[in-house]
Amino acid sequence: MLSQEEYSEHLYTEDEILLNVKQAILESGMPPVSVTPGYGRLLTMLVRLSRSSRILEIGALGGYSGICLCRGLASGGMLTSLELKADYAALAHRHLELAGYGDAVEYRVGPAMESLGNLAAEGQKFDFFFIDADKENYPNYLEYAIQLARPGAIIAGDNIFLRGRTLNTDRNGPAIQSMRHFNEMMAHDERLTSTLLPAYDGLALAIVK
């Protein structure tokens with residue numbers, strides 16, 4: 001019997017652009033950890049529904065999520081993507097260009113915490129945030145997202161269950177503890193209205209008040 005996620009994905013077909021991104025990631029030896037197709041479609045919908053014109057992505061990988069975000073982007077909008085590794089950012093940018101969004105994205109290469117500090121110092125503000133990077137910094141990324149958010153901005157955080165490790169009380173490594181803290185912040189921070197989606201590896205969603 002199909003799982004709920006498998007059933008959902010059988011109803012949809014990934015287009016050639018996104019399939020090519022996934023193939024290039026594999027061929028490049030990068031970890032195959034792009035956002036799932038179902039949540040990629042959700043990101044596009046949420047960006048479009050919120051009419052976001054400024055998006056901040058923390059973790060570019062090969063550009064799969066960047067394409068999904070740009071597909072919902074308001075006309076004339078811009079995606080700012082933070083990526084630790086220059087070769088990852090270069091591959092992601094190439095894929096965004098092939099998808100027709102090369103002029104709608106800028107990459108900042110280096111540790112995300114440094115880039116976030118620079119964005120804050122520049123007075124930058126954003127309508128939408130997608131967090132999908134190193135898990136130990138998720139609480140820090142969330143705090144920066146709230147600081148950089150316009151009122152009503154949406155924050156999305158991927159992989160909140162860490163393939164079940166977040167739920168396993170026998171596992172207490174640094175990444176797991178940070179993810180639990182992130183989830184608790186999303187659920188209880190009075191600056192946010194939020195929910196957690198349990199499909200795939202989990203997605204946290206919040207609106208900044």
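Start by selecting Leu-61, which sits in the loop between β1 (54–58) and α4 (64–71). Those element names come from DSSP runs numbered from the N terminus: helices are H or I with at least four residues, strands are E with at least two. Leu-61 has a positive phi, near 50 degrees, and is not a glycine. Most residues other than glycine have a negative phi. Leu-61 counts as buried because its relative accessible area is 13%; buried means under 20%, exposed over 50%, and partly exposed in between (1.4 Å probe, protein chains only).

A word on what you're looking at: this is a predicted model, where local features need pLDDT of at least 70, side-chain atom pairs count only at pLDDT 80 or more, and totals for chains, interfaces and linings use all residues. Residues are numbered from 1 along each chain as its sequence is written, and side-chain values use heavy atoms, with hydrogens and water left out.

Next, jump to Tyr-200, in the loop between β6 and β7. Tyr-200 is another non-glycine with a positive phi, about 50 degrees. Buried or exposed, or partly exposed: which is Tyr-200? With 25% relative accessible area, Tyr-200 is partly exposed.

Now colour the strands on either side of that loop. β6 and β7 (residues 203–208) run antiparallel, joined by six bridges. Pick Ser-194 and you'll find its bridge partner in β7, Ala-206.

Zoom out to the sheet. Seven strands make up an open, mixed sheet, ordered β3-β2-β1-β4-β5-β7-β6; two strands pair if DSSP finds at least two bridges between them. At the edges are β3 (105–109) and β6 (192–197), each pairing on one side only. From one strand to the next, the twist averages 15 degrees, taken between axes that are lines fitted to C-alpha atoms, with angles from 0 to 180 degrees between N-to-C directions.

Last stop: Leu-2, in the segment before α1 (4–11). Leu-2 is partly exposed, at 43% relative accessibility.
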